[in-house]
Amino acid sequence: MDTLLLKTRDEDIELAASFIKEGGVVGMPTETVYGLAANALDERAVARIFEAKGRPSDNPLIVHIGEFEDIEKFNLVREIPIEAKALATFFWPGPLTIIMPKSEIVPSITTGGLDTVAIRLPENKDARRLIKASGCPLAAPSANLSGSPSPTTAMHVFNDMQGKIPAIIDGGECTVGLESTVVSVKDGVVTLLRPGGVTVEDLQSVCEKVVVCDAVLNKLKEGETALSPGMKYKHYSPNARVCLVKGEDKAFIDFVNSQDEKETVALCYSEDEKFINIPTIVMGEKEDLAAQAHNLFADLRLIDEIEGVKVAYVRCPEANGLGMAVLNRLIRAAGFEVISLE
Ligand code: TXA
Ligand code: MG
């Protein structure tokens with residue numbers, strides 16, 4: 001199958017929506033990362049998403065809606081918990097996914113067999129135009145091959161999905177660059193399952209009790225059940241080995257300068273670059289977490305484009321604000337390998 005690269009004119013959105021109405025899968029821009037979108041209520045369409053990604057069938061998908069009222073219009077949930085309503089009021093449209101009790105209408109394949117459904121109202125206008133034109137909620141995981149870094153440009157999607165899906169809407173670079181924050185809500189407690197564009201501090205400004213699930217920054221223990229199935233899979237990995245390095249500026253610089261320049265790349269801050277003698281990929285300024293988040297997946301994809309590179313040493317961010325989301329992705333890309341120079 002040829003994969004069309006569409007723009008965002010009305011006729012492009014209409015064409016993409018016609019593929020979705022036929023049960024097809026389309027590459028969709030969102031403010032977080034690109035998604036692989038299909039009718040969330042059509043089992044066969046959703047099966048095509050799993051197939052295109054090579055995704056394990058027990059890893060549930062996020063259901064994207066065009067406006068808050070779609071939850072009731074499409075009868076997606078048994079109830080909307082009050083905490084969910086409060087969070088939606090503050091953070092939708094935006095990079096927040098809320099887990100709710102699913103109705104019978106949502107097929108089990110969409111939710112990986114769980115009796116809950118993850119719902120998100122994206123901020124990206126083209127995503128919402130596509131949902132509206134399709135006339136159904138759209139299930140959409142990140143549009144990468146399972147295990148690879150998430151796509152933040154239409155070309156990233158094209159590289160992974162060429163020949164597998166009929167079309168990709170090119171809506172430019174994703175602004176946030178990291179996937180949405182995923183939370184579950186119960187009895188007044190918000191549990192953070194995956195950190196993203198909405199930070200713990202943001203959530204705390206709305207709900208008093210926010211619990212960060214242990215698996216956000218730590219490896220699941222043997223035999224432990226993941227609250228969010230996505231936690232247990234290898235993620236975001238380039239082919240080269242990725243290793244996080246914890247330490248002060250000088251310690252990091254000395255460490256990477258002692259490595260073999262033909263086989264190593266350093267993922268560093270702009271401030272470090274001029275002191276480093278091996279190839280570098282600049283993640284952004286040290287204090288600019290938004291830039292680091294925005295660039296992260298493109299940086300991980302770049303690693304494999306530098307010839308001969310076998311290992312990437314990456315500066316380890318602090319887990320504050322957006323840093324928690326950046327660290328959550330990096331530590332998985334590194335398979336939890338961290339070197340401490342402290
Ligand atoms: O920003 C995003 O969320 C992007 C864009 C396209 O919207 N989508 C995305 O989807 O990142 P995906 O499939 O790559 O990640 C969804 C995560 C997975 O870790 C999955 O396990 C979790 O959400 N999830 C989905 N439904 C769940 C549920 N019912 N209970 C617990 N976790 C759930
Ligand atoms: Mg993903």
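Which residues are linked with Asp249 in a network of salt bridges? Asp249, Asp272, Lys286 and Arg315 are linked in such a network, a salt bridge being a side-chain nitrogen of Lys or Arg within 4 Å of a carboxyl oxygen of Asp or Glu. This is a predicted model, in which local features need pLDDT of at least 70 and side-chain atom pairs count only at pLDDT 80 or more, while totals for chains, interfaces and linings use all residues. Residues are numbered from 1 along each chain as its sequence is written, chains are lettered from A and ligands numbered from 1 in the order in which they are written, and side-chain values use heavy atoms, with hydrogens and water left out.

**Overall fold**

- The protein chain has ten helices and 16 strands, where helices (H or I, at least four residues) and strands (E, at least two) are DSSP runs numbered from the N terminus.
- The radius of gyration of the protein chain is 20 Å, which agrees with the value near 20 Å that a compact globule of 342 residues would have; the radius is taken over C-alpha atoms, and the globule rule is 2.2 Å times the number of residues to the power 0.38.
- Taken along the principal axes, the box filled by the C-alpha atoms of the protein chain is roughly 60 × 50 × 35 Å.
- Of the contacts in the protein chain with a separation of 6 or more, 67% are between residues 24 or more positions apart, contact meaning heavy atoms within 4.5 Å.

**Burial, surface and charge**

- Of the 342 residues in the protein chain, 56% are buried; buried means under 20% relative accessible area, exposed over 50%, and partly exposed in between (1.4 Å probe, protein chains only).
- The protein chain has an accessible surface of about 15,000 Å², and carbon and sulfur atoms account for 49% of that surface, as computed by the Shrake-Rupley method with a 1.4 Å probe.
- The protein chain carries 35 positive and 51 negative charges, whose mean positions are 3 Å apart; Lys and Arg count as positive and Asp and Glu as negative, without His and the chain ends, and each charge is placed at NZ of Lys, CZ of Arg, CG of Asp or CD of Glu.

**Salt bridges**

- The structure holds 13 salt bridges, among them one between Arg120 and Glu31, whose closest N and O atoms are 2.8 Å apart.
- Because Arg120 lies in strand β6 and Glu31 in the loop between β2 and β3, this pair ties together parts that are 89 residues apart in sequence; Arg120 counts as buried at 2% relative accessibility, and Glu31 counts as buried at 4%.
- Arg301 pairs with Asp160 at 3.2 Å between the closest N and O atoms, and since Arg301 lies in helix α9 and Asp160 in helix α6, the pair ties together parts 141 residues apart in sequence; both residues are buried.

**The loop between β5 and β6**

- Thr111 lies in this loop and counts as buried at 1% relative accessibility; not counting residues up to four places away in sequence, Thr111 touches Pro60, Lys102, Val106, Thr116 and Val117.
- Ser103 is found in the loop between β5 and β6 and is buried, with a relative accessible area of 6%; beyond its neighbours within four places in sequence, Ser103 is in contact with Asn75, Leu76, Val77 and Arg78.
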